[in-house]
Amino acid sequence: MTSTTTDKAAENAKTTAAGKSTDHGKSTGDTAAKNGALVTDQGATTIADVVVQKIAGLAAREVRGVHALGGGAARAFGALRDRIPGASASVGQGVSVEVGEKQAAVDLELVVEYGVAIAELARVVRRNVITAIEQMTGLEVVEVNINVNDVYIEEDDEEQQPSRDRVQ
């Protein structure tokens, strides 16, 4: 980190701590607390992309109506991974993030359950992800893009499983 960057970060922390508006006309009551927590006179806190990715994945899965995260290939690899003893499922599957010093952006790929109102589900998922990331990390979430790429129908799983009562 250069001294110019450090000076700017310290200046931002002082400005937001003073309660001045620095974020496009918004009041910085919440922003001051967030930025002040990540950049202080005593040092800076950085948050890795994978941390935000896991938080977003867990927050999205908490919402009723979300069956799974990830595209077809990601779910296929996940199914293979589940069959390997000792392998753990990836919490970040179907989630990609960009994390800056103060902000984060999230892209989600969802499989929704049949019968769920997708627009309402997307609104709830978006709110849950933003709340979780902002509360846990102090980063401002600037956007959460949601791509619904499949609908889960319970009969699909029943057709794929071989019948056990074929021979008696």
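This report looks at a salt bridge, a loop residue and a helix in a predicted model.

## Ground rules

Because the model is predicted, local features need pLDDT of at least 70 and side-chain atom pairs count only at pLDDT 80 or more, while totals for chains, interfaces and linings use all residues. Numbering runs from 1 along each chain as its sequence is written, and side-chain values use heavy atoms, with hydrogens and water left out.

## The salt bridge

There is 1 salt bridge in the structure (a side-chain nitrogen of Lys or Arg within 4 Å of a carboxyl oxygen of Asp or Glu). It pairs the side chains of arginine 123 and glutamate 120, at 2.5 Å from N to O. Both residues sit in helix H5 (residues 118–137), 3 residues apart, or about one turn of the helix. Helices (H or I, at least four residues) and strands (E, at least two) are DSSP runs, numbered from the N terminus.

Arginine 123 is partly exposed at 41% relative accessibility, and glutamate 120 is partly exposed at 37%. Here buried means under 20% relative accessible area, exposed over 50%, and partly exposed in between (1.4 Å probe, protein chains only).

## Valine 116

Valine 116 belongs to the loop between strand E5 (103–113) and H5, and is partly exposed at 27%. Leaving aside neighbours within four places in sequence, valine 116 is in contact (heavy atoms within 4.5 Å) with Gly65 and Leu121. Glycine 65 is 51 residues away along the chain, yet the two C-alpha atoms are separated by 6.1 Å.

## Helix H3

The buried residues of H3 are Val52, Ile55, Ala56, Gly57, Ala59 and Ala60. Their cover includes strand E3 (66–69), strand E4 (95–99), E5 and H5.
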